[in-house]
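This report covers one protein model. The chain and its coordinates come first, followed by notes on selected side chains.

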Amino acid sequence: MAGDRRDLRNLRERRDLRLREAAGQRPREADGRRTPERGEDRRRNRLDQPQRRRSFVTLPNPDSDAFGRLSERIARFLGTGRFLVWMTFLILLWVTWNIAAPSSWRFDQYPFIFLTLVLSLQASYAAPLILLAQNRQDDRDKVNMEQDRARTERTVADTEYLTREVAALRHGLGEVATRDFLRSELQSLLKELENRTPGEAEEAAG
């Protein structure tokens, strides 16, 4: 009986396999899963996962820290009087050369379009460099502010602790007999002893 059922199951699996092969479908394994084909192990596009776009052009990835330091140096130089002097001298030399030099030696005729292009490029590069330097300075300022805040909190905590200790010491000193208090008490005792009569002194001694 068991052998007949096993044979019947095998016949059904073979029939299903033949029907799938005839219909162009992939055969299934014994547990009902499809047998893998070539390239099926590759990652498929799924709707529940974001797709990664492959860039055909690899962009340069410079060191952000080194580039930031370089931008800060350039920004510091742009904000100095030396840069203004050199820039003014260069512009005056450019204009003078293209006006007073012979025509064959002039490379930028009036209205100095090439000079305008150079100045525009210089301004277009200077602005992002200055912004990058400002961002780095803002990051440093944030770190310094956090450190100052932590230092201030520690200082406040230490001050509160010292205030409590000083108050406790003052309260403890208030209960201690001072030298003036002892002197006044002794003087009052001496006055009482002097004011006593001889009979009272003998009774106190007896």
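## Basis of the model

The model is predicted: local features need pLDDT of at least 70 and side-chain atom pairs pLDDT 80 or more, while totals for chains, interfaces and linings use all residues. Residues are numbered from 1 along each chain as its sequence is written, and side-chain values use heavy atoms, leaving out hydrogens and water.

## Overall make-up

The protein chain has six helices and zero strands, in the order α-α-α-α-α-α. Helices (H or I, at least four residues) and strands (E, at least two) are DSSP runs, numbered from the N terminus.

Of its 206 residues, 8% count as buried. The chain exposes about 19200 Å², with carbon and sulfur atoms supplying 57% of that area; the areas come from the Shrake-Rupley method with a 1.4 Å probe, and for residues only the protein chains shown count as cover. Among contacts (heavy atoms within 4.5 Å) with a separation of 6 or more, 42% are between residues 24 or more positions apart.

Side chains of opposite charge can pair when their charged atoms come close. The whole structure holds four salt bridges. In one of them, arginine 136 meets glutamate 72 at 3.0 Å, N to O. This pair links distant parts of the chain, with arginine 136 in helix H4 and glutamate 72 in helix H2 (residues 64-78), 64 residues apart.

Glutamate 72 is buried, with a relative accessible area of 7%. Arginine 140 also forms a salt bridge with glutamate 72, the closest N and O atoms being 2.8 Å apart. Here the two partners are 68 residues apart, arginine 140 in helix H4 and glutamate 72 in helix H2. Arginine 140 is partly exposed, at 31%. A network of salt bridges links Glu72, Arg76, Arg136 and Arg140.

## Aspartate 108

Aspartate 108 sits in the loop between helix H3 (81-100) and helix H4 (113-174). A polar atom of its side chain lies 3.2 Å from the backbone nitrogen of phenylalanine 114. Leaving aside residues up to four places away in sequence, aspartate 108 touches Trp94, Asn98, Ile113, Phe114 and Leu115.

## Aromatic pairs

Six aromatic pairs are found in the whole structure. The rings of tryptophan 86 and phenylalanine 89 have centres 6.3 Å apart and planes at 85°, so the pair is edge-to-face. Rings of Phe, Tyr and Trp (its six-membered ring) pair if their centres lie within 6.5 Å; planes under 30 degrees apart count as stacked, over 60 as edge-to-face and the rest as tilted. Ring pairs also link Trp94, Phe107 and Phe114 into a cluster.

Definitions and conventions: Buried means under 20% relative accessible area, exposed over 50%, partly exposed in between (1.4 Å probe, protein chains only). A polar contact is a pair of N or O atoms within 3.5 Å; within protein, one must be able to donate a hydrogen and the other to accept it, and residues adjacent in sequence count only if both atoms are side-chain atoms. A salt bridge is a side-chain nitrogen of Lys or Arg within 4 Å of a carboxyl oxygen of Asp or Glu.
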